[in-house]
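Hi there,

Here is the structure I promised to pass on to you. Have a look at it first, and then read my notes below.

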There are 2 protein chains.
Amino acid sequence: MVRQLRLHLLVLSVALLALLRPAVAGEVGIVEKKVFELPSYTTVGGRTIAPVRVGWESYGTLNAAKDNAILITHFFSGTSHAAGKYAESDPAPGYWNAIIGPGKAIDTDRFFVLSSDTLVNLNVHDPKVVTTGPATPNPATGKPWGPDFPVVTIRDFVNVQKALVESLGIRKLHAVIGASMGALQALEWASAYPDMVGRVVPVIGAGEVDPFLIGWLDAWATPIRLDPNWNGGDYYGKTPPTAGLAAALKLVTLHARWYEWADKAFGRAWAEEGKDPAAALGHRFKIEATLDAVGQARAKAADANHFLWLVKANQLFVAGGSLAEGLKRIEAPVLLIPSKDDLIFLPGRVERTAELIRADGTPVEIAWLDGVDGHLDGITAMSQVADRLKAFLER
Amino acid sequence: MVRQLRLHLLVLSVALLALLRPAVAGEVGIVEKKVFELPSYTTVGGRTIAPVRVGWESYGTLNAAKDNAILITHFFSGTSHAAGKYAESDPAPGYWNAIIGPGKAIDTDRFFVLSSDTLVNLNVHDPKVVTTGPATPNPATGKPWGPDFPVVTIRDFVNVQKALVESLGIRKLHAVIGASMGALQALEWASAYPDMVGRVVPVIGAGEVDPFLIGWLDAWATPIRLDPNWNGGDYYGKTPPTAGLAAALKLVTLHARWYEWADKAFGRAWAEEGKDPAAALGHRFKIEATLDAVGQARAKAADANHFLWLVKANQLFVAGGSLAEGLKRIEAPVLLIPSKDDLIFLPGRVERTAELIRADGTPVEIAWLDGVDGHLDGITAMSQVADRLKAFLER
């Protein structure tokens with residue numbers, strides 16, 4: 001009897017403690033991939049792609065006024081899967097799950113958050129990705145587009161998103177938020193369609209892909225072109241250039257990181273026990289073997305031509321087509337979230353972007369990330385700026 | 001007659017003006033490549049290379065006391081040709097000609113400056129380079145060493161230089177000065193043989209090749225391993241892996257630069273007139289085409305295996321074998337000359353090197369370079385620190 005009372009008291013105490021805990025942010029839970037289709041789309045360059053299909057997903061509820069929508073634009077090797085899981089058994093949620101959800105920085109209790117796959121999305125072989133690019137069938141021929149697929153630009157990505165947003169009856173986005181290539185899309189949205197964007201949050205990105213980064217993107221792509229299986233982009237139905245693609249993705253993986261990451265994750269550990277890297281050319285350090293394995297794993301979901309088309313879209317990017325003018329056209333308040341250790345969008349270039357947007361009085365804030373992951377802080381260290389992002393969005 | 005007088009006056013004026021000019025630093029003039037040979041050398045790893053031959057050159061005169069010698073150690077893709085010309089018709093002098101010569105920062109009126117090719121020097125096909133590595137004949141077999149060549153380390157480079165220096169009767173070097181991989185050699189000299197080094201000047205280098213840079217060096221090497229002609233390093237007498245080597249050298253070239261260089265040298269210029277990069281996947285920017293051409297040009301003088309052996313030597317580098325202990329063993333005053341825009345030896349790593357050398361009271365100065373070339377400021381912007389370097393050497 002006493003024992004039973006004690007148990008009752010314990011249960012009661014736990015219940016009371018739960019009530020006294022501060023409100024804990026929730027999860028968006030299970031999300032569903034949807035498909036948006038345009039029967040025909042004409043690129044900025046004047047070529048027609050028919051149809052265009054892209055995947056998208058959403059978290060939270062669109063209000064009656066349809067004025068609470070936030071668009072998330074994804075990074076080079078990313079997909080629209082920004083938060084939640086497709087099934088409880090998924091090993092991990094979407095990439096920005098730490099900042100998207102009920103009560104989180106991007107609060108799905110307030111906002112309707114939508115996220116779409118871009119044109120020429122890299123991860124064609126991810127069953128949850130829906131995109132249109134060289135690897136997808138061209139109904140006009142019944143075969144994959146291959147090298148005939150038109151060059152597409154960041155503006156084309158934005159234009160397809162605009163059609164998606166308008167199809168939902170949304171006339172103005174509360175905000176556009178994206179990391180890396182997603183930051184380029186966010187800036188392009190705000191420059192091209194200033195009346196449709198209420199706030200802009202470019203994370204680990206800048207107002208242009210500058211000449212140096214044009215060179216780097218070409219360096220990323222080089223192993224694909226070196227792979228004899230690439231064959232000028234004509235490899236569908238044949239052996240794809242997987243070795244070249246894996247080497248390209250390995251370089252991207254490394255370039256997006258920083259030395260503190262390498263120190264912590266690897267140090268000078270050897271790839272194989274008993275095989276001292278000093279003893280033979282073929283004995284390697286763990287960081288080398290791991291980067292190879294990561295490149296190979298990422299290549300399984302990816303397509304080499306889509307990689308090259310993404311490189312081209314990025315190389316062509318200058319916000320609004322002309323840096324100073326394009327950034328001047330932005331009217332929405334801007335919160336830039338760069339990483340101080342970014343080797344891709346270098347800090348000086350982000351500062352220059354801020355100056356140019358500010359030039360005509362548009363308010364710009366900068367919230368620097370300081371994690372161990374370099375460029376990738378924009379994915380892994382976002383909790384550092386969660387409060388500031390939340391305040392910016394709810395102001 | 002009047003005309004002739006005028007001519008005389010003109011000649012006289014020019015002569016007087018020449019006398020009134022401030023003293024201008026001179027040139028080292030024509031230099032000669034010499035060869036140093038060791039009948040046999042045993043590596044740190046216990047393997048024997050017989051013989052070892054390396055090229056070297058010198059500027060200035062060794063004094064009777066043999067205490068005015070400065071050793072210059074070269075960078076990854078460099079050679080011993082640090083100053084002067086081999087013939088008047090050479091298109092350019094050695095890489096540090098701006099700071100080596102009579103009256104210059106490294107004053108050949110005072111110092112005997114010597115510079116040697118390393119083991120496994122990259123530029124095997126440069127007729128002025130003398131080195132020993134996988135591409136050079138192994139007298140034991142009458143064929144190039146190929147993949148049987150032993151792993152060599154920065155300490156091995158230093159040990160061969162030590163034998164050269166001792167062969168000249170030099171017991172202590174006034175200073176060891178080197179850029180990039182040359183900085184690693186300079187630090188290794190000062191840590192391994194503290195009694196033999198009077199001053200150390202590591203330019204654009206740090207106390208170790210850290211895990212992140214181990215990964216980058218592997219990324220540089222990746223295109224060579226991807227090239228089917230590499231064939232595990234067994235390609236002598238067959239088609240060499242030139243495409244892979246050119247891609248590797250392209251990546252090195254880019255990694256060693258900075259965005260201001262790309263802005264100035266290329267901007268968004270197209271590779272070919274009339275071929276807008278936005279119009280077709282194959283239309284490129286000038287920076288892309290130029291980097292390809294530079295990689296191909298550099299590959300002509302280079303050997304792919306030597307590149308891989310150099311990568312290994314660099315990856316294994318930790319000053320004195322253990323960072324804190326190795327740097328502590330340095331007793332000579334140190335002048336570090338890093339670039340603030342260095343993407344290879346990142347500023348934080350140079351600062352850490354300075355802290356560790358200073359830990360036991362060894363004096364360390366830092367003279368930051370601030371040019372447009374990133375890592376390569378250590379070659380192109382050295383005149384910024386010439387006075388400071390001169391004062392450090394003459395103190």
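**Domains, interface and a few residues**

In chain A, the C-alpha centres of domain 1 and domain 2 are 26 Å apart. Please keep in mind that this is a predicted model. The domain assignment makes domain 1 of chain A out of two stretches, 34-208 and 318-394, while domain 2 covers 215-308. Where the two domains of chain A touch, 22 residues of domain 1 are in contact with 20 residues of domain 2. The domain 1 side of that contact has 11 nonpolar, eight polar and three charged residues.

On confidence, the mean pLDDT of chain A is 95, and 94% of its residues reach 70 or more. The model as a whole scores ipTM 0.93 and pTM 0.94. One stretch to treat with care is residues 14-23 of chain A, where pLDDT stays under 50. For that stretch, the model has one contact beyond four places in sequence.

Now to the two chains. Chain B is superposed on chain A by a rotation of 180° with 0.0 Å of shift along the axis, and the RMSD is 0.0 Å. The two copies are therefore related as by a two-fold rotation axis. Which residue of chain B comes closest to the rotation axis? That is P223(B), with its C-alpha at 3.2 Å.

The contact between the chains takes 42 residues from chain A and 44 residues from chain B. On the chain B side, the elements that give two or more residues are α4 (211-226), α5 (242-255), α6 (259-265), α7 (286-301) and α8 (304-315). The largest share comes from α4(B), with 10 residues. By class, the chain B side divides into 29 nonpolar, six polar and nine charged residues. Because 95% of the interface residues of chain B are also interface residues in chain A, the copies meet through the same surface.

The nonpolar core is worth a look too. The largest one has 258 residues, and the members that touch the most others are V200(A), F307(A), V200(B) and F307(B). If you leave aside neighbours within four places in sequence, F307(B) is in contact with L122(B), A221(B), I224(B), L245(B), A248(B) and A302(B). As general background, nonpolar side chains tend to be buried together in soluble globular proteins.

Finally, here are two residues I looked at one by one.

- **D377(B):** This residue lies in helix α11 of chain B, residues 377-380. Is D377(B) buried or exposed? D377(B) is buried, since 29 other C-beta atoms lie within 10 Å. Not counting residues up to four places away in sequence, D377(B) touches S339(B), D341(B), L369(B) and G371(B). From D377(B) to E288(B) there are 89 residues in sequence and 21 Å in space, C-alpha to C-alpha.
- **T42(A):** This residue is in strand β2 of chain A, residues 41-42. T42(A) counts as partly exposed because it has 15 C-beta neighbours inside 10 Å. T42(A) and V152(A) are 110 residues apart along the chain, and 10.0 Å separates their C-alpha atoms.

Notes. Residues are numbered from 1 along each chain as its sequence is written. Chains are lettered from A and ligands numbered from 1 in the order in which they are written. This is a predicted model: local features need pLDDT of at least 70, side-chain atom pairs count only at pLDDT 80 or more; totals for chains, interfaces and linings use all residues. Domain bounds come from an automatic or database domain assignment. Two residues are in contact if their C-beta atoms, placed from the backbone, lie within 7 Å. Ala, Val, Leu, Ile, Met, Phe, Trp, Tyr, Cys and Pro count as nonpolar, Asp, Glu, Lys and Arg as charged, and the others, Gly among them, as polar. Helices (H or I, at least four residues) and strands (E, at least two) are DSSP runs, numbered from the N terminus. A nonpolar core is a set of buried Ala, Val, Leu, Ile, Met, Phe, Trp, Tyr and Cys residues joined through C-beta atoms within 7 Å. A residue is buried if 20 or more other C-beta atoms lie within 10 Å of its own, exposed if 12 or fewer, and partly exposed in between; C-beta atoms are placed from the backbone. Copies are superposed by least squares on the C-alpha atoms of residues with pLDDT of at least 70 in both. pLDDT is the predictor's confidence in each residue, from 0 to 100.
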